[in-house]
Amino acid sequence: MPELSVLLPVRDAGPYLEPSLGSLWRQSFSDFEVVAVDDGSSDGSGEALERAASREPRLRVLRQPPHGLPAALNLALAHARGSLVARHDADDLSYRRRFELQVAFLKADPRTDVVGSRLRLFPATRIGAGMRRWATWHNGLLTHQAMAREMLIDSPLAHGTAMMRRSRLERVGGWAEHDWPEDLDLWLRLLESSARFAKLPRVLYAWRRHPGSATLCQPRYGRERFDALRLEVLCRGLLNGARRVTLVGVGSSLERWDRLLRERGFQLGLMPAGRPSAGGTAPFSPPVLLVFGAAAARGRWRDWLTRAGLTEGRHFLFVA
């Protein structure tokens, strides 16, 4: 049995599929299989996978109607044979030593359940300022604590970079279909189950941006669906299950979260504030939900609240 199973969902991967597969066959670690699921491609990607499988015995191909990414990943997981599971997307590239280094990390640290890596975005002509800021933020979150405290901002670990212990993944039921970001949904459920995360401080994955990228085209990655997921997690009992929360922020983001939380029955105290006060005592009672999308603003408030004696995750949380 292979030690590692690489789950590769494919939907109309077009010209990106061959170089993506090529980056897997060049891995320095060789004890792996690739379980590819053609999720109803109409551009010949399924046939291309089967041709590739005829040349590469480590590639196994499954095909299904277009059921979506979570269903494709769960089908691949059901057919996987490795005790470790890695993600890789059909339009991206894994660096040569990615699997070697991630497998070694999980073997050396039995406490860690999920390990990712830093990444680069390409091609440069398709990377806007917002995505560059996101990549800088993502690549700076290396520890479990750093990723856990930013979970309600965005996905702190890029899906394609992840390698996981299969037992932990199966314990939370794999991927779920709720028509919102399936990666962040999985990370949040794993976090709630006490799983531990890590990220290697090396760029080991290249995320291709192109007009057909799912994150650009699919409604599940829009702000409304991110908000629905964040709200669901808050309602599941973060901040010790409190239903009365002090909401801190400014402008339209504060107004948006005021509306969303009131619609779900929260009682709110509002504090419109862009910067913490000069004093060392918090002028409000926890729990506190702070609505700040900018990393610098979160840093200022995090430092101030911590100095005031409050604990993140227990007394306060950030949301974007």
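I count two residues as in contact when heavy atoms lie within 4.5 Å. I keep in mind that this is a predicted model.

**Entry 1: Trp257 and the cores**

I looked up Trp257 with that cut-off. Leaving out residues up to four places away in sequence, Trp257 touches Asp227, Arg230, Leu231, Leu234, Leu247, Leu268, Val291, Val319 and Ala320. I then checked the largest nonpolar core, which has 72 residues. Trp257 is listed among those with the most contacts inside it, along with Leu7, Trp187, Leu261, Leu290 and Trp301. Apart from this core lies another, of 27 residues, and I found Val6, Ala13, Ala90 and Ala198 among them.

**Entry 2: Helix α8**

How many residues of α8 are buried? I got 9 of its 11, so I noted the helix, residues 182–192, as mostly covered under the 20% cut-off. Trp187 is one of the buried ones, and Glu182, Asp183 and Arg189 are also among them. The buried residues pack against several elements, including α3, β6 and α10. Just after α8, Ser194 takes a positive phi of about 75°.

**Entry 3: Strand β12**

I looked at both faces of β12, residues 316–319. Phe316 and Phe318 are buried on one side, and Leu317 and Val319 are buried on the other. In a regular strand the side chains alternate between the two faces of the sheet. β12 pairs with β11 in the parallel sense, over 4 bridges. Leu317 is the bridge partner of Leu289. From β11 the chain crosses through helix α12, residues 295–307, to β12, and this β-α-β crossover is right-handed.

**Entry 4: Salt bridges**

I counted 25 salt bridges. Side chains of opposite charge can pair when their charged atoms come close. In the pair of Arg256 and Asp227, the closest N and O atoms are 2.7 Å apart. Arg256 lies in α11 and Asp227 in α10, so the pair ties together parts 29 residues apart in sequence. Both Arg256 and Asp227 are buried.

Next I took Arg264 and Glu232, whose closest N and O atoms are 3.7 Å apart. Arg264 sits in the loop between α11 and β10, and Glu232 in α10, 32 residues apart. Are these two buried or partly exposed? Arg264 is partly exposed at 35%, and Glu232 is partly exposed at 26%.

**Entry 5: Val37**

Val37 is in strand β2, residues 32–39. Its relative accessible area is 0%, so I marked Val37 as buried. Its contacts beyond four places in sequence include Leu8, Leu62 and Ala76.

Definitions and conventions:
Residues numbered from 1 in each chain as written. Predicted model: local features only at pLDDT ≥ 70, side-chain atom pairs only at ≥ 80, totals over all residues. Heavy atoms only, no water. Helix = DSSP H or I, 4+ residues; strand = E, 2+ residues; numbered from the N terminus. Buried < 20%, exposed > 50% of the residue type's maximum accessible area, 1.4 Å probe, protein only. Core = buried A, V, L, I, M, F, W, Y, C linked by side-chain atoms within 4.5 Å. Pairing = 2+ DSSP bridges. Right-handed = clockwise from strand over helix to strand, strands pointing away. Salt bridge = Lys/Arg side-chain N within 4 Å of Asp/Glu carboxyl O.
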